[in-house]
Amino acid sequence: MTAYLGNFPIFLVLLVTAFITSVYVGRLFAVVFLKKGGAPHPAHDPGWTMKLPLIVLGLFSLGGALLPLKAFVPLEREAHGPFLVTLLGLLVGTAGFLAALYLYGSEAGKERAARLQTGILAGPRRILEKKYYVDEIYNALIRYG
């Protein structure tokens, strides 16, 4: 809410981030539960190297849920914002999830996703594949710096 009222460009970045996150979660849902999203490998038991940290995180989450947080972080005013902010967040999240199901929820969707990756999303895909060119920048700084 503070970004909406005080810094609208930051609010827009947060909305884009919510959309991208919901697309990611929607794709994960399609791959795991609908089994049509083109999972590269069959699911398997990850073992204790993955289970133990998740159990520890779950225990900390349960412990945090039981703590009386208002005693630790007193609020001077109510944190409720305009209804428009809540509505925009819900709409953007739902739109991202539905877009992911449209792209990854069926075999035809896989073809649509492939066309997007080579079409309009080719530039962002290249940036992500190159990991924001951090290695190239680092090598250039070491070589020429």
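Which side chain meets Glu136 in a salt bridge? That partner is Lys130, and the legends below come back to the pair.

**Before the close-ups.** This is a predicted model, in which local features need pLDDT of at least 70 and side-chain atom pairs count only at pLDDT 80 or more, while totals for chains, interfaces and linings use all residues. Residues are numbered from 1 along each chain as its sequence is written, and side-chain values use heavy atoms, with hydrogens and water left out.

**View 1. The whole chain is built from helices.** There are eight helices and zero strands, taken as DSSP runs numbered from the N terminus (H or I, at least four residues, for helices; E, at least two, for strands). Of the 145 residues, 12% are buried; here buried means under 20% relative accessible area, exposed over 50%, and partly exposed in between (1.4 Å probe, protein chains only). Take the contacts (heavy atoms within 4.5 Å) with a separation of 6 or more: 62% of them link residues 24 or more positions apart.

View 2. Tyr24, Val25, Leu28, Phe29, Val32, Phe33 and Leu34 make a patch of about 660 Å². To join one, a residue needs over 30% relative accessible area and no salt bridge; nonpolar side chains (Val, Leu, Ile, Met, Phe, Trp, Tyr) are linked within 5 Å, and like charges within 9 Å. Val25 sits in helix α2 (residues 8-34) and is partly exposed, at 40% relative accessibility.

**View 3. Asp45 pairs with Lys51.** Their side chains form a salt bridge at 3.2 Å, N to O, the term covering a side-chain nitrogen of Lys or Arg within 4 Å of a carboxyl oxygen of Asp or Glu. By that rule the count is three. Asp45 is exposed at 54%, whereas Lys51 is partly exposed at 31%.

**View 4. Arg125 and Glu129 pair up within helix α7.** The closest N and O atoms of this salt bridge are 3.2 Å apart. Because the two residues are four apart in helix α7 (residues 122-129), about one helical turn separates them. Glu129 is partly exposed at 47%, and so is Arg125 at 35%.

**View 5. Back to Glu136 and Lys130.** This salt bridge comes in at 3.5 Å, N to O. Glu136 is partly exposed at 33% relative accessibility, and Lys130 is partly exposed with 29%.

Notes:
Areas by Shrake-Rupley, 256 points an atom, 1.4 Å probe, with all protein chains shown as cover.
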